[in-house]
Amino acid sequence: EIKMLKVTTYDLAKKLGYAQATVSRALRDDPLIASETRRRIKLTAEKLGYSPNLLARSLYTGKTHTIGITLAGVDVEVTMRMIMAFEKKAAACGYRVFSSYHDGDSKRENRDIDELISRKVEGILALPSERNNCLNYKSLSEKSFPIVMVDMEPQFPATTILVDHLEGGKIAVNHLLSLGRQKIAFVCGGFMSSTAQGRYRGWKEACHQAGVNIKDLPFYSSDIDCSPQVAYQLINKLLKSGKKFDAIVAGNDVFAAVACKVLNDNGMNVPNDVAVIGYDDISLASFLHTPLTTLRSPMDQIGETAFEKLLGMIDNGSNSPKTPKLERVVFKPELVIRESTGQ
């Protein structure tokens with residue numbers, strides 16, 4: 001029986017003629033190493049079946065090469081797209097990711113954070129619950145522990161990755177106004193979240209700027225629940241209200257899809273009678289009976305950027321007493337026009 005020896009960075013360095021330190025840095029995707037050099041080293045490593053010895057690296061460097069993710073929820077497709085992009089980038093850089101799901105329970109969230117710290121993770125990507133105001137992460141931030149918060153702006157200094165939902169709400173309304181729609185209803189779930197609040201303010205401001213009195217426009221919401229069942233109840237409530245509307249801005253694509261069904265079930269045509277626009281561009285949005293016009297956020301890019309910012313904080317020693325440079329990165333949503341608003 002032939003015993004296969006494990007390929008090391010020393011073997012790669014000897015074969016390629018580089019210093020072992022150069023090979024190690026290239027495999028960690030160090031930007032100080034030329035991109036062509038990184039590409040060549042990675043290609044050779046793959047061909048030879050190289051895999052990093054994480055235990056040896058941890059003992060030598062004192063680093064675990066692990067990152068934690070704390071999640072308030074996991075049922076949103078766009079959130080999972082972002083996490084998958086984050087984890088893919090992390091794996092390419094030799095990092096393992098531990099994820100936890102707390103469903104907005106503050107005590108459980110605290111326990112999850114404590115467990116991640118006990119595992120000696122080098123940083124945390126946080127998607128916190130709106131209900132807790134991010135306070136579970138305040139002490140970490142004050143200790144300069146590497147932490148990046150996504151789609152949430154806390155009341156204490158922290159690096160944040162945000163989507164401009166206010167601008168998204170404006171884009172949705174302005175698109176409908178450009179089509180001649182004037183009575184634009186707003187229907188959403190999870191209204192207590194900063195995401196829904198931003199989209200609502202965008203709807204409100206765009207209507208105001210166009211000279212439309214929002215007091216005359218229908219508005220229905222649920223504070224926390226974003227389920228299809230709640231969407232069904234709210235859309236039916238809108239129909240039974242007797243208020244006139246020729247368009248609906250929905251808080252997300254699920255609400256928009258339910259709106260299209262309820263309208264059709266009640267003999268109304270989308271988009272001829274009522275134009276409908278959603279938010280998120282979920283995978284089913286283009287395959288519905290009436291494909292949805294929606295707002296798309298660059299979730300892959302957000303996930304990759306979140307990892308890059310977190311890795312930068314880790315590499316720069318932001319877990320030392322020195323205060324790290326904190327950043328605020330904002331992404332703009334993109335309008336995707338389909339049949340639900342007419343083309």
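The dialogue below walks through a helix pair and a sheet in a predicted model.

Trainee: How should I read the crossing of helix α1 and helix α2, and at roughly what angle do their axes cross?

Mentor: Begin with the directions of the two axes, taking angles of 65 to 115 degrees as roughly perpendicular. Here the axes of α1, residues 9-16, and α2, residues 20-27, come within 8 Å and cross at roughly 110 degrees, which makes α1 roughly perpendicular to α2. The crossing in which α1 passes α2 is right-handed.

Trainee: Which residues in α1 meet which residues in α2?

Mentor: A contact is read from both sides, and on the α1 side Thr9, Tyr10, Leu12 and Ala13 meet Gln20, Val23, Ser24 and Leu27 of α2. The residues of this contact divide into five nonpolar and three polar, with no charged residue among them.

Trainee: In what order do the strands of the open sheet stand, and which of them are at the edges?

Mentor: Two strands count as paired if at least two bridges are found between them. In this open sheet of four strands the order is β7-β6-β8-β9, with parallel pairing. Because β7 (219-221) and β9 (275-277) each have a single partner strand, they stand at the edges, and one side of each is left without a neighbour in the sheet. Within the sheet, four bridges join β6, residues 184-188, to β8, residues 247-250, and alanine 185 stands opposite isoleucine 248 in β8.

Methods. Residues are numbered from 1 along each chain as its sequence is written. This is a predicted model: local features need pLDDT of at least 70, side-chain atom pairs count only at pLDDT 80 or more; totals for chains, interfaces and linings use all residues. Side-chain values use heavy atoms; hydrogens and water are left out. Axes are lines fitted to C-alpha atoms, for helices over the stretch in contact, and angles run from 0 to 180 degrees between N-to-C directions. Helices (H or I, at least four residues) and strands (E, at least two) are DSSP runs, numbered from the N terminus. Angles under 35 degrees count as roughly parallel, over 145 as roughly antiparallel, 65 to 115 as roughly perpendicular and the rest as oblique. A crossing is left-handed if the near helix is turned anticlockwise from the far one by less than a right angle, and right-handed if clockwise. Contact means heavy atoms within 4.5 Å. Ala, Val, Leu, Ile, Met, Phe, Trp, Tyr, Cys and Pro count as nonpolar, Asp, Glu, Lys and Arg as charged, and the others, Gly among them, as polar.
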